Amino acid sequence: MTDSTPVPLGATAPGGIPDQPDPAGGVGRAGRRLAGEVAFAVVSAALGVYAIIGAGFIRVPPGSASVLGPRAFPYAVGVLLVAASVAVVVQIARGRRGVPDDGEDVDPDAPTDWLTVAKLVAIFLSQLVLIEWAGWPIAVAVVFAGAAIVLGARRCWMALLIGLGLGLVTQLVFGAWLGLSLPAGPLLDWIPIFHG
Amino acid sequence: MDSLTALLEGFATALQPQYLLIALFGVFIGTAVGVLPGIGPAMTVALLLPLTYTLDPTGALILFAGIYYGGMYGGSTTSILLNTPGESASIVTALEGNRMAKAGRGAAALATAAIGSFVAGTIATVLLTFLAPGIAKLAVQLGPADYFALIVVAFLTVGALLGSSIPRGLVSLGLGLMLGLVGTEVLSGQQRYTLGVPSLADGIDVVLIAVGLFALGETLYVASRLRHGPVRVIPVTRGWRSWLTRDDVRRSWKPWLRGTAIGFPIGTIPAGGADVATFLSYATERRLAKGRARAQFGRGAIEGVAGPESANNAAAAGVLVPLLTLGLPTTATAAIIISAFQSYGIRPGPLLFETQSGLVWALIASLYIGNVLLLVLNLPLVGMWVKVLRIPRPYLYAGILAFAGLGAYALHFNVFDTLTLLVVGIVGFLMRRYGYPVAPMVVGGILGPMAEEQLRKSMAISQGDLAYLIHSPFAIAAYTTLAVIIVTGIWLKRRKARLEASPTLVPTGAIAAVDRVDAPADSAARDRE
């Protein structure tokens with residue numbers, strides 16, 4: 001599962017520069033899309049291979065020879081993944097491409113903006129550190145404000161203010177009232193109601 | 001009759017003030033989140049999961065019932081009122097509802113959707129009440145091989161029928177099964193595919209898979225192609241009188257009933273859930289329309305809202321039949337509900353009606369209550385939903401990210417879950433971009449471990465004889481049905497593709513085309529009135 005991360009992130013790199021300035025923009029974009037589509041199928045197939053190889057390393061307890069052991073199901077999953085991924089690659093080669101999802105807020109004509117995606121991923125990663133170091137309210141404020149600004153919020157201070165408000169409200173509702181143990185963080189821990 | 005007494009007892013529980021309040025809150029928050037654009041019922045249920053963590057099981061399930069029905073219903077308001085060209089065709093209500101709203105008949109569209117949802121939801125819940133105990137009784141006699149057959153049916157129908165092509169659905173299913181493999185193997189106690197990470201020893205929580213794929217994946221995907229500029233919401237005229245005229249009711253009641261008749265059975269079989277049901281209902285209404293209504297189809301026919309919306313809610317109740325009686329989730333939303341059950345140590349399945357009878361009947365009673373509350377809340381609160389629709393998109397998606405983070409962290413209060421969520425989210429983003437359906441992955445993640453368990457039980461009984469898997473008449477029937485479902489499903493999808501491509505419907509992909517067609521449609525509708 002973690003195996004699949006390097007490739008998606010790697011795929012971010014070539015597309016990281018926004019798509020427009022390239023004089024052959026249309027062709028380059030379509031080419032990258034095709035490459036990405038094939039890469040996703042190939043990584044899925046690789047995951048299947050990993051499932052099959054990994055299954056070989058699962059210890060089979062002695063005395064269970066006649067019964068289905070702990071390897072059989074992983075083998076089946078691996079074979080399914082490999083077979084289905086190969087079928088997708090064959091479909092792509094025959095010209096049956098994937099249709100990107102529609103949505104109410106999706107602009108059907110916009111090119112994929114990898115930079116925004118990378119920024120959002122980076123902002124979300126900040127939670128790994130911030131939740132435990134700075135506390136839940138601040139971690140939420142950073143994620144909310146950061147994401148809103150990246151997505152084009154007009155006023156930065158507004159985004160920060162709402163983010164901080166959201167962090168405090170969720171801390172109060174979920175931490176203090178519903179009793180989930182969200183860390184309030186060093187800044188707020190001395191206030192009894194936040195301590196939960 | 002037994003079930004009637006049990007149901008009354010369920011009502012006695014669900015009508016207690018604190019549970020009634022919980023139901024009200026669930027319906028309200030479910031609708032509010034479901035109304036948010038880009039958030040489907042699965043994401044609504046996944047995002048609101050942390051709310052239930054500290055309630056007692058009865059309260060949590062009642063809250064869930066409210067959120068589920070509210071989330072299912074909320075989407076119709078969005079598709080009727082949100083003025084987005086290039087709208088996804090999967091929300092069939094948008095086809096006619098959006099056009100009605102543009103012609104100034106938004107209130108009527110909302111009203112027929114709300115009343116249709118109520119009628120369909122109530123009839124379907126009655127059917128659930130009387131069918132479920134019987135099915136559960138039959139299901140008690142099923143052996144592991146039969147269960148395995150049922151799970152295979154669910155896998156293949158969900159995998160093969162959702163999404164644009166069969167291999168893509170199966171890849172998605174395979175990725176979910178792969179995630180389901182991670183963790184400690186039950187019989188020998190050894191770890192599989194954990195890469196030595198101790199936090200993975202307990203496996204990957206389905207909540208992470210669902211929230212990652214739906215909330216995070218969807219947000220990243222929308223962010224990658226965000227529509228900038230102001231949000232255009234179609235205004236709704238106020239006042240009770242303009243909601244439904246006598247003529248509207250006359251044209252709506254048959255579609256309500258037909259939608260229910262189509263939606264409930266489709267919900268109960270694993271055939272893609274509400275999407276297929278709404279589409280079928282729309283196609284039926286279009287074919288049956290005569291005279292003036294026929295001319296209106298494609299420009300705002302009320303039948304095209306009333307039918308699919310009823311089918312949608314009837315299917316939502318239908319999905320609960322296999323969920324409660326067999327423990328089989330047939331949609332992504334159902335998969336999330338099952339994981340919520342499991343977090344309370346409740347295992348949905350045939351024994352549920354015996355071991356947790358009070359709980360189940362309280363849940364079913366709260367479905368009736370939820371339906372009434374939906375009707376009571378929704379019409380008067382339209383003004384509020386419109387405000388919700390106007391939330392500037394940067395804040396909306398930033399908020400979804402924040403709540404997704406909450407859902408992940410609140411599972412075990414461990415940031416490793418946050419990281420897992422992000423990885424699954426990136427996979428979900430790529431799947432959307434490259435045209436893979438995400439629902440099979442969620443279903444695979446939750447049913448995979450169950451499938452392995454049942455398969456190994458069967459093999460232990462038969463001493464490794466594979467023929468045991470098809471020894472019982474039930475299993476043979478299940479595999480035969482599977483073949484039939486897949487063949488008809490593929491046929492239906494071909495039809496759907498043809499219908500979408502047919503010229504009477506406005507092609508939904510192109511902004512330019514929609515704008516060009518809208519203008520005459522609006523004036524034509526006005527001329528008629």
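**View 1. Confidence along chain B of this predicted model.** Chain B has an average pLDDT of 83, and 90% of its residues score at least 70. Here pLDDT is the predictor's confidence in each residue, on a scale from 0 to 100. Helices (H or I, at least four residues) and strands (E, at least two) are DSSP runs, numbered from the N terminus. This is a predicted model, in which local features need pLDDT of at least 70, side-chain atom pairs count only at pLDDT 80 or more, and totals for chains, interfaces and linings use all residues. Residues are numbered from 1 along each chain as its sequence is written, while chains are lettered from A and ligands numbered from 1 in the order in which they are written.

**View 2. Stretches of chain B with pLDDT below 50.** Residues 85-90 of chain B fall below 50 in pLDDT. Beyond near neighbours in sequence, this stretch has 18 contacts in the model. Two residues are in contact if their C-beta atoms, placed from the backbone, lie within 7 Å. Residues 503-529 of chain B are also below 50, with 30 contacts beyond near neighbours in sequence. Where pLDDT is low, the predicted coordinates should not be read in detail.

**View 3. The side of chain B that touches chain A.** In the model, 77 residues of chain B are in contact with 71 residues of chain A. Helix 7 (166-181), helix 8 (206-224), helix 17 (393-412), helix 18 (415-433) and helix 19 (439-462) of chain B each supply at least two residues of this side. Helix 17 of chain B gives the largest share, 12 residues. By class, this side of chain B has 46 nonpolar, 20 polar and 11 charged residues. Ala, Val, Leu, Ile, Met, Phe, Trp, Tyr, Cys and Pro count as nonpolar; Asp, Glu, Lys and Arg as charged; the others, Gly among them, as polar. For the complex, the predictor gives an ipTM of 0.84 and a pTM of 0.83.

View 4. Chain A has seven helices and zero strands. Among contacts in chain A between residues at least 6 apart in sequence, 56% join residues at least 24 apart. A:Pro61 sits in the loop between helix 2 (25-56) and helix 3 (72-93) of chain A. A:Pro61 counts as partly exposed because it has 14 C-beta neighbours inside 10 Å. The C-alpha atoms of A:Pro61 and A:Gly152 are separated by 57 Å.

Technical notes
Buried ≥ 20, exposed ≤ 12 C-beta atoms within 10 Å, placed from the backbone.
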